[in-house]
Amino acid sequence: MRIYQSTNGKPYTTIKPRYNWPMLTPTEKIWHNGRFIRWEDATIHILSHVVSYGTSVFEGIRCYATPAGPAVFRLREHIRRMLDSAKIYRMENLGYSADQLAEAMLEIVRVNKMDSCYIRPIVLRGYGEMGVNPLKNPIDVYIACWSWGKYLGADASEGVDVCVSSWTRIAPNTLPTMAKAGANYMNSQLIKMEAIVNGFAEGIALDVNGCVAEGSGENLFVVRNGVLQTAAIGSSVLPGITRDSVLQIARDLGIRVIEQQIPRESLYIADEVFFSGTAAEITPIRSVDRIAVGKGKIGAITKAIQDEFYGIVHGQKPDRYKWLTPVPVGSKQPVAV
Ligand SMILES: Cc1ncc(COP(=O)(O)O)c(C=O)c1O
């Protein structure tokens, strides 16, 4: 058995990996229904509804280290999207208001003493009845955080090589892509695995009409003749919060922005292509299906947007959109105890 170190230096010996590859580095605490529990106690019953039927909605949020201390990026927008996702799946009452969830997310960063981290709130249908109908199963809310570096590889900010997936993104009126639901990521996993086994960092999925949708965990932007294009909401994409941030930054930089259907071949003749996402941040794409994008390296518009984005989130440029919520120092009572 391997021994994993927690952030307080005490080893966790209770987590036994089946495979011999790196796991997350545990933090000390996870928030569960209003209480902080130990990382290793955040377990669920095998017959919880979520395990058989994928009944979860969740978020991925970054907390950045800034000169003024840790700050969470677009916290309110992430909570809003999580509540929207829950509502779509008829989880109307989580038992916590948006304000309480916001406070819990700031607290989990603080109690785990993180300078920067990735925050993962998960709402799931737990143990109770079996069968497809989830309505009688309890709703559990967890919030974890951990340290997470570059999602698409250490050199990703220089550019990644990607492919167009043979898997289609979830079609409208099948699984709703405006909801960030666990089940959607079975489709994402097919896209991702196919890309990885074929030697690419990521796959781009087309929508049911054959137009460009998004990556397995990122929105996608194409630049041609100085115009920034991205698939419209409704083209089987998640309404990404980084996507929205990119659109705001681009407009302010005087870049023309169009949300529209993007034919696949636009990827091959683009001047620039890049991904946006909480995990991937702003990641330039240097080739698609082994065809170089533009000059095969980060382009001027991607660079300008990347500089603005990283400048703001790292607190090196003014937070002119009020995107950052500082993590308060000092102790508070967890909500709903
Ligand atoms: C499928 C998918 N598309 C897009 C995104 C980007 O969304 P955001 O910028 O809100 O992280 C994500 C990441 O959450 C995702 O999983």
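Good morning. I begin with two strands: E3, residues 29–32, and E9 pair in the antiparallel sense over 2 bridges. Two strands are taken to pair if DSSP finds at least two bridges between them. Strands, which are DSSP runs of E with at least two residues, and helices, runs of H or I with at least four, are numbered from the N terminus.

The model is predicted, so local features need pLDDT of at least 70 and side-chain atom pairs count only at pLDDT 80 or more, while totals for chains, interfaces and linings use all residues. Residues are numbered from 1 along each chain as its sequence is written, and side-chain values use heavy atoms, with hydrogens and water left out.

Let us stay with strand E9. Within E9, Tyr-142 is the bridge partner of His-32. Strand E8, residues 117–125, runs antiparallel to E9 and is joined to it by 8 bridges. Ile-119 has Cys-145 of E9 as its bridge partner.

I turn now to helix H2. The buried residues of H2 are Leu-75, His-78, Ile-79, Arg-81, Met-82, Ser-85 and Ala-86. Because they cover an arc of only 160° around the axis, they lie on the same side of H2. That arc is taken from the directions from the helix axis to the C-beta atoms. On the face turned away from this buried side, H2 carries the exposed residues Arg-80 and Lys-87. Just after H2, Arg-90 takes a positive phi of about 60°.

Two further residues have positive phi. Arg-74, in the loop between E7 and H2, has a phi of about 50° although it is not a glycine. Asn-225, which also is not a glycine, has a phi near 50° and is found in the loop between strand E13 (219–224) and strand E14 (227–230). Are these residues buried or exposed? Arg-74 is buried, at a relative accessible area of 6%, whereas Asn-225 counts as exposed at 65%.

Next, the interior. In soluble globular proteins, nonpolar side chains tend to be buried together. A nonpolar core is a set of buried Ala, Val, Leu, Ile, Met, Phe, Trp, Tyr and Cys residues joined through side-chain atoms within 4.5 Å. The largest such core here has 28 residues, and those with the most contacts inside it are Val-72, Leu-75, Leu-101, Met-105, Val-109 and Ile-119. Strand E6 (61–66), H2, helix H3 (98–111), E8 and E9 each supply at least two residues of this core. H3 gives the most, with 7 residues. Apart from this core lies another, of 23 residues, among them Tyr-64, Val-246, Ile-249 and Ile-312.

Contact means heavy atoms within 4.5 Å. Leaving aside residues up to four places away in sequence, Val-109 touches Cys-63, Met-114, Cys-117, Ile-119, Cys-145 and Val-327.

Finally, the aromatic rings. Rings of Phe, Tyr and Trp (its six-membered ring) pair if their centres lie within 6.5 Å; planes under 30 degrees apart count as stacked, over 60 as edge-to-face, and the rest as tilted. By this rule the count comes to 12 aromatic pairs. One of them is edge-to-face: Phe-73 and Trp-323, at 5.6 Å centre to centre and 80° between the planes. This pair links distant parts of the chain, 250 residues apart: Phe-73 is in strand E7 (residues 69–73), and Trp-323 is in the loop between helix H7 (300–313) and strand E19 (324–326). Both Phe-73 and Trp-323 are buried. Trp-148 and Tyr-151 also form an edge-to-face pair, because their ring centres are 5.4 Å apart and their planes stand at 70°. Trp-148 counts as partly exposed at 31% relative accessibility, and Tyr-151 likewise at 30%. One aromatic cluster is formed by Tyr-64, Phe-73, Phe-309, Tyr-310, Tyr-321 and Trp-323.

Thank you for your attention.

Key: Buried < 20%, exposed > 50% of the residue type's maximum accessible area, 1.4 Å probe, protein only.
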